[in-house]
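Please look over the model shown here alongside the points that follow.

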Amino acid sequence: MESGFGSDFGSAGGAGGKLDAGLIMEQVKVQIAVANAQELLQRMTDKCFRKCIGKPGGSLDNSEQKCIAMCMDRYMDAWNTVSRAYNSRLQRERANM
Amino acid sequence: FWMGSSSSGSAAGGAGAADPQLQRFIEVETQKQRFQQLVHQMTELCWEKCMDKPGPKLDSRAETCFVNCVERFIDTSQFILNRLEQTQKSKSAFSESLSD
């Protein structure tokens with residue numbers, strides 16, 4: 001299984017005037033990465049707001065800010081743990097097929 | 001949601017069918033996206049089950065919980081598919097008459 005990262009697919013259209021598939025593929029990868037980052041941020045914000053903000057005050061106090069900062073790091077830890085666990089499971093499933 | 005750009009659409013339209021490289025790329029990226037989406041979804045679900053108050057680090061109990069959560073989620077998904085398949089089979093006479 002290819003990793004798909006980097007330029008496995010170089011410039012497909014070498015000849016002048018032909019559509020550069022390689023460039024398009026790179027651009028699509030960037031768009032996908034951006035979309036994933038946005039999704040992560042959106043869910044993280046939701047979760048950390050729920051965990052850290054009780055009754056909304058006039059501003060974010062120090063304890064709330066500290067909580068949010070820790071929460072962000074924990075969410076990333078959780079995300080990475082889930083990603084690893086899921087990957088392991090997938091590999092195990094493939095090995096059993 | 002993952003392919004909002006129309007440039008890739010027109011590329012796939014004209015070149016996709018003829019260009020196996022592009023076709024392969026689309027397959028690979030689609031697969032990767034499915035993985036990512038599930039990670040997002042499971043992280044969200046398992047956070048609710050495994051996380052109390054966010055601390056300075058992810059303790060081993062929470063980490064174990066997340067790992068278990070992923071495994072049980074996949075088990076649940078497989079269970080549902082299997083059972084659905086079984087109930088479909090037992091009703092096969094019924095569903096065959098429907099598909100006529």
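How many salt bridges does the rule find across the interface of chain B and chain A?

1. The rule finds 6 salt bridges across that interface, a salt bridge being a side-chain nitrogen of Lys or Arg within 4 Å of a carboxyl oxygen of Asp or Glu. Over all chains the count comes to 15 salt bridges.

2. On conventions: this is a predicted model, in which local features need pLDDT of at least 70 and side-chain atom pairs count only at pLDDT 80 or more, while totals for chains, interfaces and linings use all residues. Residues are numbered from 1 along each chain as its sequence is written, chains are lettered from A and ligands numbered from 1 in the order in which they are written, and side-chain values use heavy atoms, with hydrogens and water left out.

3. Two pairs can be checked by eye. B:Glu44 forms a salt bridge with A:Arg43, with the closest N and O atoms 2.6 Å apart. This pair crosses between chains, from helix 2 of chain B to helix 1 (residues 21-52) of chain A; helices are DSSP runs of H or I, at least four residues, numbered from the N terminus. A:Arg92 and B:Glu71 also meet through their side chains in a salt bridge (2.8 Å, N to O).

4. In extent, 42 residues of chain B are in contact (heavy atoms within 4.5 Å) with 39 residues of chain A. The two chains bury about 4100 Å² between them, 64% of it on carbon and sulfur atoms; buried area is the accessible area (1.4 Å probe) lost on putting two parts together, summed over both. B:Phe25, B:His40 and B:Trp47 supply 17% of the area that chain B buries against chain A, more than any other three residues.

5. The second largest pocket is lined by ten residues of the model, among them B:Cys50, B:Met51, B:Asp52 and B:Arg61.

Key:
On a 1 Å grid over the protein atoms alone, a cavity is a set of points where a 1.4 Å probe fits but cannot get out, and a pocket is an open set with protein on both sides within 12 Å along at least five of seven lines; lining residues have an atom within 4 Å of a point. Helices (H or I, at least four residues) and strands (E, at least two) are DSSP runs, numbered from the N terminus.
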